[in-house]
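Hi,

Here is the structure I promised to pass on.

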Amino acid sequence: MIRRDVQLADGSPGWALISQIEHARISAQLASHCRGQFGAEIASLIRDEVLVAIAAHDDGWREWEEAPRLDAKLGRPLSFMELEVGDATIIWSRSIAAAKEIGPLAAWMISGHFIRLLEHSEHARFEPRAQAWLAELAPRREAWFSEWKSYDPDARDHAVADEALKWLWGFDEASLWFCCRCPTGGEARSDAKNPYVAGRGTPVEMALSGVGLAVADQPDRGVAHAAPWRFDVAAIEIEADALLAPAQCYGSPRDLLAAGRPETLRWRLATDPALRHV
């Protein structure tokens, strides 16, 4: 779950709680408009599986988010960045199992994505539970890649699979930036003052920026920009369904969910600032 700090209408602190599944959907929405290896101009079964995999990469969160765990001391819902290794690997394993139902490339991509997250965690990667999970996953990933390649050995190789994984990394980071930081219309955020580079070092690397400007006829829809512009349209309308809850100590997940109300966060990702008036 994404826990975004916000200010409620009465000026008090609150949280916008965004499902990981909703975040993954936004990742796929962005990827579906990207030009390049898996762009719309290159229709293929590989593109289809890549986009479905990106959309489903956090499906393992569904059960956890129905009754989100609270911080034992603070009584607030745990962010995806605050889970213990054991809880994270259980959720990731569920996502990988769901991905296998999509196809072997999806399973290979999504497992590779979580391996990267774990290996980039300074506090978690050396834990015995993490090492055991990584060791168990390695031969399965090799089998998934071999299965996927066997369907068309001439067109399916490590270069194609690696780029598919980089698309997942890049658009996962871009979507997280929207869900965690990008200002909605009129919102001032100290964590969004500088451009954020999503997908650094990948074919879809881009710098994202947003300063709280609003779409002219939609005052709640923030405007964001990306450079370089990698998309096949001039603007993308992005929306994230969230639960808006007061920032306070809760006694149970039920109390938290009962205190919240539905809210939709809205943005326009545009190539030109002038498109805020369109």
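Below is what turned up, from the whole chain down to one residue.

A word on the ground rules: this is a predicted model, where local features need pLDDT of at least 70, side-chain atom pairs count only at pLDDT 80 or more, and totals for chains, interfaces and linings use all residues. Residues are numbered from 1 along each chain as its sequence is written, and side-chain values use heavy atoms, with hydrogens and water left out.

The protein chain has 8 helices and 7 strands (DSSP runs numbered from the N terminus: H or I of at least four residues for helices, E of at least two for strands). Its C-alpha atoms fill a box of roughly 60 × 45 × 30 Å along the principal axes. The radius of gyration is 19 Å, which agrees with the value near 19 Å for a compact globule of 278 residues (taken over C-alpha atoms; the rule is 2.2 Å times the number of residues to the power 0.38).

Of those 278 residues, 50% count as buried, meaning under 20% relative accessible area with a 1.4 Å probe, protein chains only. As for contacts (heavy atoms within 4.5 Å), take those with a separation of 6 or more: 69% of them join residues 24 or more positions apart.

You'll find Ala214 in strand 4, residues 206-215. Ala214 counts as buried because its relative accessibility is 15%. How far apart in space are Ala214 and Arg94? They sit 38 Å apart, C-alpha to C-alpha, and 120 residues apart in sequence.

Cheers
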